[in-house]
Amino acid sequence: MLNVVKVLLLLCAASVALPGLAAEVSKEQIKGLDEQVQDIKSDVLAISTELNLLEEKLLFPSNTQVSLFISLAADDDFQLDAAEIEVDGKLVAHHIYSFKEQEALRDGGLQRIYTGNVRNGEHLIKVGFKGKSALGNKFTEVADYTFSKGVGPGFVEIKLIESAIGSNGIEFSDR
Amino acid sequence: MMRTRALSLLFLPFSLLVQAGSEKIDSPRDAFFGEALFYASQDEWFDAISRLDTELKLHHGVDEPQLDQLHYYVNDAEFSVGDFELSYRVHRQAGRAIKAVIEGNVEPEVRNEAIYRLAKIYFQKEQNLNAFHAIERVEGDLPEGLEDDLDYLKGQIYMVNGRFEAAEKIFKSLSGSDEYEGYAGFNQGLSQIAQGSVKAAGLTLDSVGRLNSDDRAVLAMKDRANLTLGSRLMDAGEPQAATQFLERVRLDGPYSNRALLGLGWASASFDDYEKALVPWTILSQRHVTDPAVQNALLGVPYAYGKLGLFGKAALGYGHALSMMNAELDRLDASIASIREGNFLEALVREEIKLDRNWVIKLRELPETPETYYLMDLMASHDFQSSLQNYFDLEQLRKKLERWVDDYAAFEDVIDLRRRYYEPLLPAIDEQFRKLDSLINLRLEQRDRIDRRLQAMLVAPRPDFLATSQERLMMRAIEAAESTDVARSEDGQRRINRLKGVLTWQWETEYHERLTTTFEHLIELDKDIARLNEIYNSFVRTRQAATQSYQGYDQQITHMRQKTERAQATVKTLMLRQGRMLEMMAIDELQKRSQQLEVAQVKARFALAESYDRATMKKSGISSEGMAQQDKPSSEPPTPDQRTPDQRSPGLQQEDAVQPDAAQSDADKLNKPQPDSAKPAAAEVESPITEPPLVEPTQAAAAERGVL
């Protein structure tokens with residue numbers, strides 16, 4: 001019995017002493033690779049910025065560019081399900097909101113829902129929002145707005161105000 | 001935190017204090033800054049940085065930046081870029097951005113917040129001395145809401161730099177903070193331990209261990225404080241005192257397994273094996289991948305053996321063996337699965353990451369057995385950062401792939417435009433040149449009229465305002481003067497009379513006519529303004545037509561090259577990062593295999609011995625006689641001693657000062673076991689001679705069991 005135990009103990013010690021089949025990853029290796037990843041992230045970010053500028057110049061030149069932004073003034077329980085936007089009678093955006101997007105809007109972020117090109121002059125925007133109020137009532141809020149597109153890029157902020165839903169709950173501002 | 005600040009700054013409605021010069025400006029918000037924050041709020045850091053960077057570049061490129069909306073937020077925007085970069089874990093770039101803010105002409109609040117961020121970067125990168133020097137530069141007013149964060153970071157930095165006394169004071173001052181409830185107290189206790197104030201540390205950790213809270217992260221800290229106290233008391237040979245703390249640890253918390261194991265040992269130390277069986281039995285029914293559970297699987301039959309129930313002990317060891325065999329098979333399968341690349345494939349599955357607790361989901365996937373074992377590994381900082389890097393690289397890979405397609409689409413658009421405009425433009429240009437000269441002529445005429453009218457204000461010329469009919473009449477009268485009619489007196493008189501009538505009209509109606517003429521000029525100016533508008537619009541459109549297809553080829557070619565180079569780099573780095581993750585995972589699994597093999601050997605030995613004892617007991621040999629027959633094996637093997645996996649992620653700094661946790665089972669088996677009734681506290685938690693640092697997020701993650 002004692003011999004058996006000794007053999008077992010030796011086997012056991014040997015199994016622990018055996019080096020792992022996979023090589024250990026050192027801190028230096030992790031750090032070195034991390035720095036290289038940081039570098040490529042910076043490079044790709046720079047390309048992305050350049051691409052954004054190119055895209056803007058090529059696809060949305062400033063004299064015709066118009067961007068529509070959505071913002072929200074609402075409490076946590078308010079639920080925004082969807083938004084739909086028409087410009088001059090043409091549907092240009094339809095968006096279903098994820099939970100994270102709703103949170104981002106509640107936190108004060110602005111969602112660029114549409115960027116496009118229009119001629120200088122007046123244009124009609126029609127907006128519709130669907131969702132559920134903090135009390136659980138479903139709502140549909142619709143409004144329209146005429147904005148004047150000048151020489152420079154046009155921006156229109158469309159703000160849904162929870163407290164005013166049912167009576168002019170959509171506020172527009174442009175520049 | 002900075003994001004919150006940026007948001008709050010941005011949305012103070014029209015009454016924002018900003019650093020554009022030192023003026024106070026009421027200004028509407030910048031939509032694109034708001035858009036960047038929209039992405040940042042969703043943790044989409046790449047898009048947030050890219051959007052804000054683009055906006056800043058556009059802002060710096062305009063002729064009159066003071067007219068741009070971003071002018072009022074430019075410092076906040078620069079600062080937010082640094083903040084987002086930090087969140088995107090491009091620390092070096094973030095560091096540069098933040099240093100630029102610190103060195104800029106900014107308000108003390110902004111500067112101090114930048115210093116805080118910089119110190120945090122250094123601290124996260126384990127550049128402790130740099131972190132210390134940075135945090136010491138904070139002076140003057142602090143940004144609202146950042147006071148506690150700054151103090152907590154300062155305390156942490158002091159701790160890693162060995163300034164425990166100062167750290168203790170800071171953590172003590174944070175005892176009332178809602179945000180750092182539990183964490184500050186725990187670190188205060190560790191600072192006291194590091195100074196040798198064991199009694200004070202005990203009191204501090206005890207108060208943390210009694211916290212009332214619904215916050216799961218705070219509850220995890222509470223458990224941790226109790227576990228730390230319990231393990232210290234066990235180590236000090238006071239198992240009775242340790243029990244009360246270990247019993248406080250929640251049964252469903254992240255530290256419950258270790259607490260249950262320790263509780264069993266505490267009872268065993270009084271030879272109360274019946275009581276020890278209670279926590280060990282609970283623990284043994286949990287998942288066998290946890291080393292504490294493996295210990296309990298051996299602990300239960302060990303206790304039965306101690307109680308003289310050798311048959312039951314033998315069955316228990318047999319059960320432990322079968323469990324361990326099954327797990328070893330599963331571990332082998334997992335290692336093979338990782339080597340086949342399944343692990344990385346599972347990690348990048350999009351549908352999993354839609355869930356907040358995606359790691360938990362991951363471990364439930366039947367086709368990825370390896371992930372089941374990697375929860376502890378996934379909670380470690382190195383693995384997390386490597387994993388996040390892998391995700392980021394995957395995101396970059398997808399973006400770069402899409403951009404290459406975008407370039408092709410851009411080239412198509414440009415080609416279409418070229419083919420549309422190039423044949424049209426020569427004819428348009430020709431027509432435009434004609435119209436241009438006509439317009440110039442009309443403009444000159446208008447200017448001449450304007451000059452003449454201005455002169456008439458000074459020197460009236462009624463004849464200039466004659467109607468065309470009057471002019472014709474005057475011309476006819478003048479023509480009559482050169483005829484025979486004018487030679488007669490009567491004829492001349494009549495001519496003079498006619499002239500007089502016209503002159504009378506001109507003179508008497510002069511002011512009225514002049515006013516009317518000015519009104520006509522104003523109307524003309526309106527038409528000219530409209531003409532100029534059309535003219536400029538045409539010029540712009542004409543320019544836009546050319547610009548819509550000219551001058552892009554080189555830029556797109558250059559960008560495509562850069563994108564392709566980046567694609568190659570990302571591919572290489574993904575391979576390396578993936579390989580590293582696989583190595584870390586395999587290493588972890590192999591360690592577990594080795595632990596299980598050791599436990600298996602012990603269980604086999606104990607099984608054999610239990611059978612021997614059961615047989616001997618059945619045949620009437622007393623245990624005393626048995627002990628005399630086979631003295632070296634008189635004690636059944638105890639469950640494993642402390643293993644590295646038992647330690648919580650936050651306590652890993654102890655490794656440097658603790659007896660090597662992997663002073664492994666082999667040593668323990670080779671050496672005579674210490675009195676098994678006197679367990680080492682290390683089985684539960686080692687004494688903390690070097691303080692661990694507790695990040696709220698770590699504890700929260702540990703609590704949730706997710707990254």
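Biologist: At what angle do the axes of helix H2 and helix H3 of chain B cross?

Modeller: This is a predicted model, in which local features need pLDDT of at least 70, side-chain atom pairs count only at pLDDT 80 or more, and totals for chains, interfaces and linings use all residues. Residues are numbered from 1 along each chain as its sequence is written, chains are lettered from A and ligands numbered from 1 in the order written, and side-chain values use heavy atoms, without hydrogens and water.

The axes of H2(B), residues 31–41, and H3(B), residues 45–61, cross at roughly 170° and come within 7 Å. Helices are DSSP runs (H or I, at least four residues), numbered from the N terminus. Axes are lines fitted to C-alpha atoms over the stretch in contact, with angles from 0 to 180 degrees between N-to-C directions. H2(B) and H3(B) are therefore roughly antiparallel (angles over 145 degrees). Their crossing is left-handed (near helix turned anticlockwise from the far one by less than a right angle).

Now the residues. From H2(B) come Phe32(B), Phe33(B), Glu35(B), Ala36(B), Tyr39(B) and Ala40(B). They meet Trp45(B), Asp47(B), Ala48(B), Arg51(B), Leu52(B) and Glu55(B) of H3(B). Contact means heavy atoms within 4.5 Å. By class, this contact of H2(B) with H3(B) has 8 nonpolar, no polar and 4 charged residues. Ala, Val, Leu, Ile, Met, Phe, Trp, Tyr, Cys and Pro count as nonpolar, Asp, Glu, Lys and Arg as charged, and the others, Gly among them, as polar.

Terms used:
Helices (H or I, at least four residues) and strands (E, at least two) are DSSP runs, numbered from the N terminus. Angles under 35 degrees count as roughly parallel, over 145 as roughly antiparallel, 65 to 115 as roughly perpendicular and the rest as oblique.
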